[in-house]
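Hi,

Here is the structure I promised to pass on.

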Amino acid sequence: MKNRNMTYGNPAVLILSFSIPLMLGNIFQQLYILVDTLIVGKMTGINGLAAIGAVEWTIFLVTGGIQGITHGFSINMAQSFGDNKVEELTDYIVCSLKLSAVFSILLLALGQLLAAPVLEIMHVPAEINAMAKLYLRVIYLGIPITFFFHLFSAILRAIGNSQIPLTAMVISSITNVFLDIVAVVILKTGVGGAALATVFSQLVATVFCFIYLRKNIPDIFKRNRNRYMNGKMFFKQLAIALPMGVQNIITAVGGVIVQSVVNSFGVAFIAGYTAANKLYGLLEIPASSYGYTLSTYAGQNMGRKEIRRVNEGLITGCIIGVITAALMSFIMLCGGRNILTCFLPENTALTESAIEIGGNFLKILSIFFWLLYVLYILRGCVQGMGNSVVPMLSSIFQLVMRVFCAIYLSNLTGRTAVFWGEIAAWTGAFVFLLLFYLHEYKKLIKQSIGKGMPAAAGRRGLL
């Protein structure tokens with residue numbers, strides 16, 4: 001499988017060709033999440049659906065942190081790859097493997113320890129508490145698997161390979177659908193069986209990526225590990241990875257607080273909000289894929305000091321993102337309510353209420369969806385430039401706006417304030433990141449001119 005060097009070539013072609021496999025992989029990942037939701041909703045009723053929705057942000061609190069940390073590990077890898085420093089790239093990979101082992105053990109212990117208290121804090125209704133706790137504990141058992149899957153995927157993205165993570169997700173998704181049918185439909189194991197199916201299917205994807213890396217980058221498994229116990233290298237990895245992990249955790253904390261408010265609105269609101277969020281998550285996939293692509297693109301080009309090429313890629317990515325967002329908004333407006341019915345049981349008074357609530361949420365999201373896409377792309381670019389602190393700070397804006405709208409504005413304007421909190425969060429984070437990027441870009445251009453460096457040479461790499 002050919003690895004892609006993004007320091008030369010047409011940015012639009014590179015961005016699309018790299019991001020499409022990421023999109024497809026994420027779509028398959030979302031599909032098996034949707035299958036969980038659909039099967040559990042149909043087989044266990046609206047309470048089963050609400051139980052999964054009630055802990056959704058609690059799960060992202062951990063998995064989002066994992067995604068941020070592992071993506072942060074890939075930034076230095078991408079810059080080393082872009083500058084053709086093969087040995088340094090291998091060092092960063094081995095360092096990341098060691099750090100991931102430590103983090104996964106710590107998070108596994110914390111997840112199991114805090115699962116029950118978190119549900120109490122989130123005011124999960126009594127009628128769904130037991131199911132929510134079971135689902136959460138089983139998913140948290142798979143934390144080490146989740147960590148290494150995201151690490152292996154991040155390594156592959158850093159060297160320009162988005163096809164293998166796609167293949168892994170396709171295999172995982174097919175496995176998950178099969179196991180969901182067996183566990184929930186045939187064996188009647190409910191939400192616990194759905195959670196086990198998810199964990200096992202991700203194990204399959206992790207093993208697949210491990211086998212590929214072992215075969216194609218054998219140095220990370222065969223060379224003497226002791227020479228890589230370099231304190232400076234560990235610090236460089238953590239300096240980028242931890243803020244990116246914290247960024248996602250801050251976002252998740254905001255989501256947990258909002259979910260706790262939503263949980264107080266009753267089962268119908270929880271179900272409608274959950275169903276809408278499932279579609280929202282599916283239509284958000286291209287945005288996150290573009291963000292990962294711009295992070296790799298900017299990282300490789302920063303390694304070569306191609307500053308103007310980074311900016312060219314950002315502008316191109318934003319144009320592509322806005323066009324894609326318009327299509328996603330059309331889907332929300334024209335087919336949103338019909339899609340919501342797939343996640344909910346047969347027509348009841350609660351079902352009708354849930355569809356109305358979810359439909360209103362989708363209508364608001366569709367108007368501003370372009371802003372979310374541009375935010376992902378801009379954030380990915382800034383992270384690829386080697387700055388993970390500013391994106392982390394931008395997530396604080398998101399936290400503040402979501403919490404303010406959910407807790408305070410909802411008391412004044414009603415429950416739909418929760419929906420507007422999403423829009424306010426995107427706006428605050430985007431403005432903050434844009435101001436930083438414009439300042440940083442001008443500074444880097446002046447520095448490159450002062451040093452007599454070509455700001456946009458487009459040199460072909462060696463790898």
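**What I found**

S74 is buried, at a relative accessible area of 5% (buried means under 20%, exposed over 50%, partly exposed in between, with a 1.4 Å probe and protein chains only). Before I go on, the ground rules: this is a predicted model, where local features need pLDDT of at least 70 and side-chain atom pairs count only at pLDDT 80 or more, while totals for chains, interfaces and linings use all residues. Residues are numbered from 1 along each chain as its sequence is written, and side-chain values use heavy atoms, with hydrogens and water left out.

Back to S74: you'll find that residue in helix 3, which covers residues 56-82. Once its neighbours within four places in sequence are set aside, S74 is in contact with A154 and A158 (contact means heavy atoms within 4.5 Å).

L136 is the other spot I looked at. That residue sits in helix 5, residues 126-141, and is buried at 0% relative accessibility. Again leaving out neighbours within four places in sequence, L136 has V55, T58, I59, A115 and L119 as contacts.

Now the whole chain. The protein chain has 16 helices and zero strands (DSSP runs numbered from the N terminus: H or I with at least four residues for helices, E with at least two for strands). Its radius of gyration is 22 Å, close to the 23 Å from the globule rule for 463 residues, so the chain is as compact as a globular protein of that length. That radius is taken over C-alpha atoms, and the rule is 2.2 Å times the number of residues to the power 0.38. The C-alpha trace spans about 70 × 45 × 35 Å along its principal axes.

Of the 463 residues, 61% count as buried. Among contacts with a separation of 6 or more, 85% come from residues 24 or more positions apart. The chain exposes about 18,000 Å², with carbon and sulfur atoms supplying 70% of that area (Shrake-Rupley method, 1.4 Å probe).

Last, the cysteines. The structure holds zero disulfides (a disulfide being a pair of cysteine sulfur atoms within 2.5 Å). C334 is exposed, with a relative accessible area of 54%, whereas C405 is buried at 4%.

Cheers
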